[in-house]
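Here are a few notes on the model you passed along.

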Amino acid sequence: MLNFDYRNPTHVVFGKDRIAELDQLVPANARVLITYGGGSVQRFGTLDKVKAALGNRTVFEFGGIEANPKYDTLVKAVEVARKENIDFLLAVGGGSVMDGTKFIALATQFDGDTTTLLHHGFTPVPVANDKVIPLGVIATLPATGSEMNAFAVVSYQGGKFPVNHPCAYPTFAMLDPELTFSLPKIQVANGVVDAFVHVLEQYATYPVDARVQDRMAEGILRTLIEIGPITVEEPTNYDARANLMWSATSALNGMIGTGVPLDWSTHMIGHELTALFHIDHAQTLAVVLPSLWRVLKEQKHAKLVQYAARVWDITEGDEVSRVEQAIDKTEAFFKQVGLPVRLRDHGVTQEQLSQVVDALEAHGMTALSESGKVDLATSRKILDMAW
């Protein structure tokens with residue numbers, strides 16, 4: 001097992017009818033800015049419940065944060081936060097709203113050019129004296145795990161930029177599965193696949209004898225396989241949705257990624273597909289992952305053999321055939337919950353694949369994977385296979 005540090009300060013509030021508890025979670029004298037996305041939190045009454053629970057606090061709203069939050073939108077929220085002396089942010093929505101709100105928290109008291117916060121990759125952004133506005137989140141879409149980590153992804157000038165800082169962890173995360181019942185099927189399917197691939201980016205690398213992390217990851221994967229199709233088809237099945245919600249949070253709260261090598265190649269390629277062709281993030285993952293594994297199956301052989309046995313119960317035949325079966329089953333699972341697994345199904349032409357490679361090069365993504373050996377030529381092979 002590799003050396004690691006682990007810290008997660010987020011207070012999780014899980015279960016039914018918890019919004020009223022906001023009164024104990026948000027400071028009594030806070031000036032609160034509620035952030036949200038396209039308006040579903042208004043249509044389904046969630047926003048009204050949140051404002052009622054905040055009582056007599058001074059509350060402002062900022063809506064319209066996009067599915068892939070844009071820098072130009074977020075800086076408008078930063079202007080509101082500065083003008084109104086906001087000292088607590090409350091994100092109500094899915095991963096994009098949470099991500100955008102983390103950026104707002106970092107940028108509001110930042111003294112320099114806020115575009116510079118976007119160019120640090122996975123290195124923490126330089127925020128002087130850790131001046132970050134505290135934030136809480138109310139998750140309405142189980143998918144990204146952003147409710148319990150310090151990472152965000154922000155879109156700017158055709159690229160998607162990871163942003164993180166240890167003070168950007170939400171102080172609390174309210175997870176009520178019933179708040180997700182109104183989601184369209186495709187968003188639920190996206191959430192299942194997003195969580196599934198988050199786990200695999202931390203698991204399907206190479207063995208380091210991290211037994212606890214491996215077993216936790218395998219448990220999340222098996223849970224998603226069991227409940228994924230159910231929760232897509234039965235939106236008010238509380239138990240299935242609760243397990244999806246906790247799986248998505250557990251997939252990216254840092255625990256299964258401690259002491260193990262990480263990949264994230266699928267995400268980096270997927271981000272470019274989203275930026276160029278506006279394909280939902282999870283749907284890019286469903287397209288890229290199986291093809292990436294087929295290209296890198298020798299590099300990932302040992303963990304894919306383990307994955308085949310422990311997640312899919314594939315133990316018969318030689319190791320090469322078991323790996324192939326596991327990849328096929330993974331791809332079939334993505335299709336079962338309703339996501340396409342080929343770029344051409346999203347209207348992308350073979351001629352356009354060069355644009356993706358060019359974007360990877362422009363954004364410095366020339367040495368991907370846990371090995372750092374996935375160069376642009378290898379990324380092109382992955383894209384060709386995914387087409």
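**Notes on the domain boundary and salt bridges**

1. First, the boundary itself: there are 0 salt bridges between domain 1 and domain 2. Keep in mind that this is a predicted model. The domain assignment puts domain 1 at 11-179 and domain 2 at 183-386, and their C-alpha centres sit 26 Å apart.

2. What do the two domains share, then? About 2100 Å² is buried between domain 1 and domain 2, with carbon and sulfur atoms giving 71% of that area. On the domain 1 side, Pro142, Lys160 and Pro177 lose the most area to domain 2, and together they account for 28% of what that side buries. In terms of contacts, 25 residues of domain 1 meet 22 residues of domain 2.

3. Polar links across the boundary come to 2 residue pairs in polar contact, counting pairs with both residues at pLDDT 80 or more. Looking at the side of domain 1 that touches domain 2, the elements giving two or more residues are β1 (11-14) and β7 (159-164). The largest share, 3 residues, comes from β7. By class, that side of domain 1 has 12 nonpolar, 8 polar and 5 charged residues.

4. Salt bridges do turn up elsewhere: the whole structure has 18 of them. One of them joins Lys303 and Asp214, at 3.3 Å from N to O. The partners are 89 residues apart, with Lys303 in helix α11 (residues 301-312) and Asp214 in helix α7 (residues 211-233). Are these two side chains buried or exposed? Lys303 has 4% relative accessibility, so it counts as buried, and Asp214 is buried too, at 10%.

5. Helix α7 also holds a local pair. Glu218 and Arg215 form a salt bridge with their closest N and O atoms 3.7 Å apart, and they lie 3 residues apart, about one turn of the helix.

6. Finally, have a look at Asp328 and Arg294, whose closest N and O atoms are 2.9 Å apart in a salt bridge. Asp328 belongs to helix α12 (residues 319-337) and Arg294 to helix α10 (residues 281-295), so the pair ties together parts 34 residues apart in sequence. Asp328 is partly exposed, at 40% relative accessible area, while Arg294 is buried at 17%. Both belong to a salt-bridge network that also takes in Glu331 and Arg342.

Conventions:
Residues are numbered from 1 along each chain as its sequence is written. This is a predicted model: local features need pLDDT of at least 70, side-chain atom pairs count only at pLDDT 80 or more; totals for chains, interfaces and linings use all residues. Side-chain values use heavy atoms; hydrogens and water are left out. Domain bounds come from an automatic or database domain assignment. Contact means heavy atoms within 4.5 Å. Buried area is the accessible area (1.4 Å probe) that two parts lose on being put together, summed over both. A salt bridge is a side-chain nitrogen of Lys or Arg within 4 Å of a carboxyl oxygen of Asp or Glu. A polar contact is a pair of N or O atoms within 3.5 Å; within protein, one must be able to donate a hydrogen and the other to accept it, and residues adjacent in sequence count only if both atoms are side-chain atoms. Helices (H or I, at least four residues) and strands (E, at least two) are DSSP runs, numbered from the N terminus. Ala, Val, Leu, Ile, Met, Phe, Trp, Tyr, Cys and Pro count as nonpolar, Asp, Glu, Lys and Arg as charged, and the others, Gly among them, as polar. Buried means under 20% relative accessible area, exposed over 50%, partly exposed in between (1.4 Å probe, protein chains only).
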